[in-house]
Amino acid sequence: MAKHEYAFYPGCSSQKGASASNYLTSVESMCKTLDVKLTEIPDWNCCGASIGYAEAGELPRHVMNARNFALSEKNLPGQEIVATCAACWLGARETRERLTHSDTLMADTKEALKEAGLTINEMPEIRHMVEVLIEDIGFDEMKKHVKKPLEGVKIAGYVGCQTNRPFGVDGESFENPKYLDNMVEMVGATPIPEYDMKVTCCGGALAFSEPDKAQAQIKDIIESAYDHGAEMIVTPCPLCQANVEIYQGQINQKYGTKFNIPVMYYSQLMVVAYGGSAKEAALNGQLIRARRLEEIAAK
Amino acid sequence: MAETKVAAYICKGCGLGERLDTDALVKIAQKDGKVPMAKTHDFLCSADGVAMIRNDVANEGVTHIMIGACSRRAKTEAFHFPENAVARANLREGVVWIRPDTEEARETTQDMAEDYIRMGCAEVKAMAAPGGNPNTGSSKTLLVVGGGVTGMTTAIEASKTGYPVVLVEKTGALGGMAGQLWKRMPVHEPFKSPADTGVADLAAQVMGDSNIKVYLNATIAKTDGAPGRFVVQIATESGATHTEDIGAIVQASGFTTYDMNKLPELGGGKSPNVVDQLGLEALAKAAAAGDGVIRRPSDNQPVKSVVFVQCAGQRDPSGTHLAYCSGFCCNASIKQAMYFKDANPSVDTTIIYTDLRTPGNGEDFYRSAQEKGVIFTKGKVSGVQPGSNGSTVSFHDLILDDANATIADVDLVVLATGQVPNSGVDIFAVPKEGEGEPEVKPISILNLNYRQGTDVPQLKQGFTDSHFICFPYETRRTGIYTAGPVRRPMDIAQAREDATGAALKAIQALENAELGRAAHPRSGDLSFPKVRLEGCTQCKRCTVECPFGAIDEDEKRFPVFNESRCRRCGTCMGACPVRVISFENYSVNTVGAQVKAVDIPDEFSEKPRILILACENDAYPALDMAAMNRNEYSAFVRVIPIRCLGSVNTIWVTDALNAGYDGVMMMGCKSGDEYQCHFVKGSELGRVRMSKIDDTLKTLNLETERVRDLEVAITDIERVPEMINKYVEELVAIGPSPFKGF
Amino acid sequence: MTEHVATNETILVVGGGISGMTAALEAAETGKNVVLVEKNPALGGRTSQLYRYFPKLCHPTCGLEINQRRLKNNPRIRVLTLAEVTGIEGGTGNYTVSVRVKPRYVNENCTACGECAKAVSTEVADPFNYNLGTHKAAYLPSSMAYPQRYVLDPAIIGTPEADAAKAACKYGAIELDMQEETLQVKAGAVIWATGWQPYDAAKIQPYGYGRFKNVITSVEFERLADPHGPTGGKLLRPSDGKEAKNVAFIQCAGSRDENHLRHCSRICCMASLKQTHYVREKYPEDGKSTIYYIDIRAIDRFEDFYQKVQADPSVSFIKSKVARISEDEQGNPVCWGVNTEGYKRYTTPHDLVVLAVGMEPSVKGVNIPGHIVADSSGFIEADPANGAVFGAGCASNALDVNRAVQSATAAALRAIQVVNKVAKAEA
Amino acid sequence: MSANTAMAEKYRNNFLKEIEEQVEMGDWVKMCMQCGVCSGSCPTNFQSAWEHPPQELFMMIRAGKREEVLTTTSMWNCTSCYNCIVRCPRKLPITHIMHGIAEYAHRLGVAPKMQPTRFFSGLFWKNATKTGRVNELKLSMGLYFKNGFGAGVKEGMKMKDVALGLIKAKRLNPFEILGGHTCKDQKGIQAMLKKAYEIERSRKAAKTAG
C-alpha cells in the first residue's frame, strides 16, 4: 500500500492530448517516486473554471463541482481530493467554501445532484498537488529522492494567481510566496527569489478572447525573468504554463522581442532531478524545448 | 526661623575632581562666597555624602545649602532638603561636560566653575525656604455650572469622590442638549446600533444625591475670591439670590447648534422639511411616542427618502461659517440614518460627505450603517431646493466627478450643522473697526469679579480649550476648569470623560489651595509672591500682566494678590518697575546677587563675560542635554536659570551691563499664537519688556547687539551651543564693554 | 520619588508613558500614594519618541520635562522600571499585583557619568530609535531618561565587557549579580495605561515593508526627523542615505482594514499632515509630500491644521488607498493605484514611502491579567465587570495625546474614588 | 417587454436593490468605502484601462446609473486574478461581483454583443457542460469562427504556428473535432444542470416578487 493515497481530479487540460498532458505525465512519474497513489475520480467533470461565468450562474457552477465531490465520496470514500490544475483546485475549493457557509445553497445543490442520482454527505478536503508535496510529503522527503541535482540551472519561479489567491498555500504570502523557489532549490537548481513578476497575472482566459491584453502582461512576466538571468520559468498552473509558453512567438512578432524561454512544471523539474527520463518528465511536451533539462535527463 | 547658616558642598565625582581644582573652589566659597562652612566630597550624592549634609543640618545648624555638583535637574532624590534653602552650582553639565579636557582650556574652565560657586553662594544667601501661602481657603464644595451630560457627570463623579457639589442650570430641567436626543451612538461592542442616551438615569442620580445641591432656572450673578474661598452668588428665577462658599469651579456651559437659517442655500429655514440634526431628533422622539414612523413636518406623511448633508456651515475656510469640524456629526448622521433603516429598510437614506470621520470603533458603526443599506456618497452639496413634493439636493459627486449630480423628491433633508460653544464673554475681544455692538451681546457665564474680566479666556473660535497638548485642563483661571463642548467640539462619550477629568482637577485645586500650594505647572510649589505695598507706585503693570488674572486692585488702586490664583511664574515680579514683588526662593535679589557675584575680568584680559538668562522649562534642559551629548560651548558664558522670561526684571540686564558684562542672552520659549510658554503669556510679556531695553542701551551708549532675545526649544541641543558660540564671536568683534573695571 | 509601603489605599499605575505618568501625577497631586510600573528602563513611553506634536508642532520632551519635574518633587510616587505586571489577584479596594522586575545591573549610586559606556564596545539595537540605529550595551536610554541611570544590556552579562563596565564605575553602581525578582504589590485600584504599539507593517504585504528599504513606518519617520535620532534629524532614506525630498505618506496602513485592524486609529491623518511639515522644514526649496488617503480625519479643532497643509503647494492629496508598492532600479518605491476622485490611474515613484501605521493596544484585552472586558480590537472598555481596574489612554481607545491625557486624568479620579472608599471604611 | 425593461420597471429607481437581489454577491456592493484598492490592483486596468474600474462601478450602481453599468465592457476585462479580493479592506468578493454583474448583463441581453470575452465565456461554459468536459479544439475553433467562416480562417491562420506546435507536442489532438473526451453520465449532468437552472431562476423570481 502506498504511503499517501488521494482521490485525483486531473481536470480537462490534463487529459491525453490536451494542453497540459505533459503536466499529468510528469506528475504521474513524480508520484511514483514519492510513493503517492492517485486514483482518478470516476467520470469526473469540468469545474466550470472562473471563465465560465457568463452562462454558468451561481448554482450550476457549484453543482458541477459538487458532482465531483459526490463521485469522490461514493467511489473513494474518506480520501482527500487532489487537483493539479490551479483552476480546478480553486473552483472546487470555492464551491466547498460556499456550500459549507450557505445552507440554502447546500440544499439546492443536493436537490440538483439528485437528478444525477448523487448526493453529498460530507465535504471533502480539496488539495492542490503542491500542498500535498509541501505539507504531506515535506521538503526533506522530496529532497531525499534527488539523484541528479539540476546544478547551475537558473529558474524563475512563476506562481501566478490561482494557486496563490484567494486561498494560497498555507503560511505563504499573497505578494511573495516562496514555496516555488524552495522547490527549485530542493531540486538543486538556482532560484530567483527577487523575481518580481512571480504573482503577476498572465491574463488567464483573456489569452484566448483578447490576446493583445493578455500578451502585454505575459511580455512583462517573461521580460522580468530574462532581466533576472533566468534560463527557464517554472509554474504550478496549466493556464500560466500555456499562456507564458505558447505565445512567445506572437509576442516576438508584436514587440520585436527575442523570447525563447522554456516554461516548465515543478513536476517536470522533480522528475528530471529524480533521475527520470525525458519521456517520463514529458520534456517532449514543450513547445520551447528545455535543452538543459534534456541534457541532464540524458546523462 | 533660626538665623541663617550657609554651607557649601563641592563634589569631586563625575570627573569634577580631575578637571577642576576643587580646593580652590572651596577657598572661593569661603573667600568670595563668604560661607562659614565649605567642604568637598568624592561622591556627594552617595548615601555618605548626603548623610554628611544632613548631619551638618542637624548638628551644625546649617540652614542654607549650596551644592556644587551636577545640574539641578540631576540627582534630585539625593539632594532633597525641603526644609532648607538650597542652591545648586552646576559644575558638571554647566562646566566640565561642555568644555574640552585640554590644558589650554583648563584655566577658563576653572574660571567658569569658580564663578558658579560664587553665584551659588550669593543666590542661596538671598533665599529662604518657602513656608507656603497662609491666605488659604478651605471650602471643599465644587460648583458645577451647567446641567447637561457634562455638568451632571462632573457633579456625580465629584460626589462619588466625597465632595459636596452645587449645580447651577439655567433652564428648568437637567439634561441639556443630550436631553433632546432620542438616542446616542453606541459606546460598547458591537457598535452596530443607536443606544439609549442615559440622560434620564444621570438626572435621576443627580436628583437622588443628597450631596448635590441643584439650582434650576438659575445663573451665576457674581463670583468672588479664589480657589478654596470662592464666594458665588446664584440668581434664581424668583429673583432671590443665594450665596455659596465654593472651593473650585467646573464650567460645563455646553454649546448651541449653528443656526441653520444662516444656510439658506441649503434650504435652511426655507422649508419645514429641511431640519438640522436636533430637528430630526425631535421628529424621532415624536415618532417613538407614536407609531414609530418618522413623518415629514409639512404634511405629516411618512418619510420615504432622506438626505443628510454633512459639514453644513462647517469646515468653511472662507470665514463665513464655522471654520472647524464639530467631530461628532458624521456619527450623528449615521445614527439618524439608522433611525429610519431600523424602522423600515425601504426608506432611502443617503449621507453626502467630503471626509467621513468616524474614529476608533466608529468604523464599525459606519460599516453597520452600510450593512443596513445607508448609502454614502462622497460629494459637496451645492444647494437644496425645497419643492411641493420633496426637495432636490444638488451636489458635486466627487467620485463620479459629476458636478451636476442631484437627488430629487427627497422627503426630508437633514443639515449636519455644528457646535457653537457657550463660553460667555470674550474678555480679550477687540471690537473690529466700523462694527458697533454685536447684535446679541454675549452674556457672562461666571461673572467673575476679576480685574481681568468676567469669564474664562477663550483660546480659538470661542472655545475655552487648553492650549497645551500635554495638559488639556490648563485654563488661565486657577481653580476654574471648563469641560465638555464649551472647551472643544465633542460627543457625549468624550464629554463624560472630560467631565470626570475636570472633576479631578477641580478637587485637586481646592485641596492644594487649602495647603497653600501652587497648581500646575509648578504644582506643589510653596513659594508665593510677597509685595512691599509701601513701595508700590500703583502702576498697575502687575495687575494687567498677570497671565492668570490673579491680581486685583483695591479701591486705592493698590494690587491685591490672590495667592491661590497664582501660578508662581513671576511675571508680576518681572513687570514691577520698583521691584517690590518677590518670592522667598526666587526674587530680584536671588538673581541679581548672582549677576553681581560673577568676577568680571578687565578689558585687557580678552575674557568676555556673557550672562545667559535661561528658561528653566526648556532652554535650561536643552543646555543640560547639550552637555550630556558633550556639545561644547564657550567658557565665557554664565547661565542663570529663571522661572520664565516673564519673570525677568530689566534691572538684571542693566545691572549686568553696568557691571561690565559684554552681552546678555535671554533664552525663552516660543511666543505668539503657537506659543510654547508654560505660563501662557510669560515669554511674550518678557519680550515686550525687553524690546524697550534698547532705549536703556542708548542712554548707556551701548550697542543694541549687547542684548539678545532668543527663542529656544528643549530639542535645541545642537542649536543652542552654536548660538552661544556665534554670539561670543559677534561680541568679540564688537569689542569689550566700556563698563569694565568700574 | 521615595519608597513607601503599598497598601490597599495605594493606586497602582501600569505603564509610564504620558497616560500613565499623568494618571500617577494627578492622583499623587491629589494626595494619593501611587506605584508606577514601567516595562522599559525609563519613563516617557511612545510620545517621548516623537519629534513634534500636532497641531502646535511643539516638542513632546517639553511636556515630559514638566512631568518629570512634577515627579521629582512628589514623594508620593514610587517608580518601578524594567517592571511588568504578571498577575492581578483580588478585587475592588483590595488587589495584590505581581510585578516582575528585570535586572538593570545598575543601582541608584549611578551618577550617569557615562564611564561604563566608554569601557564597553559592544553595540546593541536601539529600541528607542525603533532599531534604526544601535547604542552601547551600557547605555542611558535617552537624554531625557528618568530615572537618569544607566542600563546594562543582558547581552553582555557574563562577558568581559560587563566586567570592564563594572571596573570603570567608581561609584559601585554596577551590580552584575542582580537577579530578576517578582514583587507582590498591594493596591486598592489599578490604572492600566500600557498604551499602544504600531501595527506590524510587514503584515501589509502589498507595501513591501521589510522587502523595500525605503518603505518605512510613521514612527520610524519621527526618529529620522528628531535631532536625538539616528540621523541627527536629517531625512535620509535607509537604502542609500540619499536625501528623501519626495516623500509619500500612505494612510490607513493597517487601520480601517478587516484584514488588519478593524478600527480607525484616529491619529494617523494628523500625524502625516504634521510630518509633511518635517519635509518642508528640512527641504524648504524642493521638499515634496504626497498624502494618499481614504478620508482625511482632521477631527474637530484640528481642521484648521488640515486647511493650512492643504494651502501648501508642496503637499498634494490623492484620494486613494495605494494598491501596491514596487521598487524601481534607483531603489525608489513606486506607488500603484487609482485616484478615486474621477478615476485617475497612477504609478508614481517617490524617494521614500512612509506608512501611517495604525495603533493597536500594546497589551491586547485578552492578555491583561485578570478578566478584563475589552472591545474587538483589544481596547479596554469601561465596564463594571472590570472592578477597580481602569483603562487609561491608548489602552482604552485609539487616542491622540490630548485625549489620552484627559482619559488618564479621568481614570485617576475613578481610582481615587475607590481608595477614598477604602480609607473611609478603615477610618 | 424584454427581460431588461421588465427588470428596469420592477426596480424603477433602485438599481442597487436590483443588483443586490439579482446579482451573485450583489449585496456586497453597498459595503464599498471607495478606497480604490481594487481598481489599483487590477492588472488589466493597468495594461489597458477599464472604462469603469470596480470601485467606480459600485458608486455608479449606488447612483443608479443602470444603463452605463450593464452595457459597459468593464467587467469583462476581469482575468480572475483575485488581487482585488485579497486586498479589499472591506473583504468584498470583487472578482465574483464583477462576474456576477457581467452574468446579469448577459442574462438581460444588454451586455456588449461583440465583447470577445463575453462570447468566449459563454462558449466555454457550453463547451464544458455539453459533454461534461472541455474540448479544447472545438473551443478554440468556436472562438475563431465566431465572426463567420472567413474571419475564422484568418484567426485560425494567425494561430497556425501555435496550433501546430501544440499538436507536435501532443498537447492538441486534431481528432478531438470528432468527439474527444466526454463524461459517461452526460444525461445525468444535463438533468442536474437543468434542475440547477430551474432552482436558481425560481429563487431570483421569488426575490423579484418579494
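Predicted model: local features only at pLDDT ≥ 70, side-chain atom pairs only at ≥ 80, totals over all residues.
User: Let's start with chains D and A. How many residues does each chain put into the contact?

Analyst: Chain D gives 56 residues and chain A gives 54 residues.

User: Which elements of chain D are involved?

Analyst: Those of chain D that give two or more residues to the side touching chain A are helices H4 (43–47), H7 (83–87), H8 (94–108), H9 (116–131), H10 (136–144), H12 (160–168) and H13 (186–209).

User: And how do the residues on that side of chain D divide?

Analyst: Into 25 nonpolar, 17 polar and 14 charged.

User: Now chains C and B. How many residues are in contact there?

Analyst: 63 residues of chain C contact 71 residues of chain B. Helices H1 (18–28), H2 (60–72), H7 (303–310) and H8 (401–426) of chain C each supply at least two residues of the side that touches chain B.

User: Which one gives the most?

Analyst: H8(C), with twelve residues. By class, the side of chain C that touches chain B has 22 nonpolar, 23 polar and 18 charged residues.

User: Switching to chain B itself. What domains does the assignment give?

Analyst: Domain 1 covers 1–129, domain 2 covers 142–254 + 422–429 + 441–515, domain 3 covers 258–418, domain 4 covers 530–575 and domain 5 covers 600–742.

User: What separates the centres of domain 4 and domain 5 of chain B?

Analyst: 26 Å, taken over C-alpha atoms. Their contact takes eight residues from domain 4 of chain B and 13 residues from domain 5 of chain B.

User: Which helix gives the most on the domain 4 side?

Analyst: Helix H12 (residues 571–575) of chain B, with three residues. The domain 4 side that touches domain 5 of chain B divides into three nonpolar, three polar and two charged residues.

User: How many bridges join E6 to E7?

Analyst: Four bridges join strand E6 (residues 165–168) of chain B to E7(B). Leu167(B) in this region stands opposite Val214(B) in E7(B).

Definitions and conventions: Residues numbered from 1 in each chain as written. Chains lettered and ligands numbered in written order. Contact = placed C-beta atoms within 7 Å. Nonpolar A, V, L, I, M, F, W, Y, C, P; charged D, E, K, R; others polar. Domains from an automatic or database assignment. Pairing = 2+ DSSP bridges.
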